[in-house]
Amino acid sequence: MITKEQVITNIGSGWHSHIETIYAMLPELSFCSGVYLIERKNGMLHVIFSRTDLTTPAQDFILKSIEYKIERLTAKVCEECGQYGVRRTELSTVKTLCTRCYAFEYSKLNPVPSLVANQEPHIV
Ligand SMILES: [Zn+2]
């Protein structure tokens, strides 16, 4: 079982409200003993609930539905800041980012050369 505190340290703050939602709904899922895993996967939040206490197929279906819904929600939320975002597949790791966070991440990976086009060339 993984605790909320363990998850929060590994996931960007833009998705923390979704993680809060996951743990807040646990008491209402009497057939689920906890969260087995939460990780970033393909630029989305991948959740797996524990299934050790399930007694019917319907309970499994409910957990799968919640896991899927959370994954789809995080595909539209910037994992850094929580604004509207889209999955950015051209980065070294697929991330869901807003335009501002994407520009910041892109510039970290592709630094601008010191000599830019509108400067006079330096003659040495
Ligand atoms: Zn952002």
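Reply: Contact here means heavy atoms within 4.5 Å. Helices (H or I, at least four residues) and strands (E, at least two) are DSSP runs, numbered from the N terminus. The model is predicted, so local features need pLDDT of at least 70 and side-chain atom pairs count only at pLDDT 80 or more, while totals for chains, interfaces and linings use all residues. Residues are numbered from 1 along each chain as its sequence is written, and side-chain values use heavy atoms, with hydrogens and water left out.

The zinc ion is coordinated at 2.3 Å by the SG atoms of Cys78, Cys81, Cys98 and Cys101. Donors are N, O and S atoms within 2.8 Å of the metal (3.2 Å for Na, K and Ca); water is not among the atoms, so sites may look incomplete. Because the 4 donor atoms subtend angles of 101 to 118° around the zinc ion, the arrangement is tetrahedral (four donors, all angles between 85 and 135 degrees). Along the chain, the donors follow the spacing C-x2-C-x16-C-x2-C. Cys81, in the loop between helix 3 (57-74) and strand 3 (86-88), and Cys98, in the loop between strand 4 (95-97) and helix 4 (99-109), link distant parts of the chain, 17 residues apart.

Burial is judged by relative accessible area (buried under 20%, exposed over 50%, partly exposed in between; 1.4 Å probe, protein chains only). Cys81 is partly exposed because its relative accessibility is 32%, whereas Cys98, at 8%, is buried.

In helix 4, the buried residues are Cys101, Tyr102 and Glu105. They cover an arc of only 100° around the axis, which puts them on the same side of helix 4; the arc is that of the directions from the helix axis to the C-beta atoms. These buried residues pack against strand 3 and strand 4, while Thr99, Arg100 and Phe104 are exposed on the other side of helix 4.

Definitions and conventions:
Four donors count as tetrahedral if all angles lie between 85 and 135 degrees; four count as square planar and six as octahedral if opposite donors are over 155 degrees apart and all others between 65 and 115; anything else is irregular.
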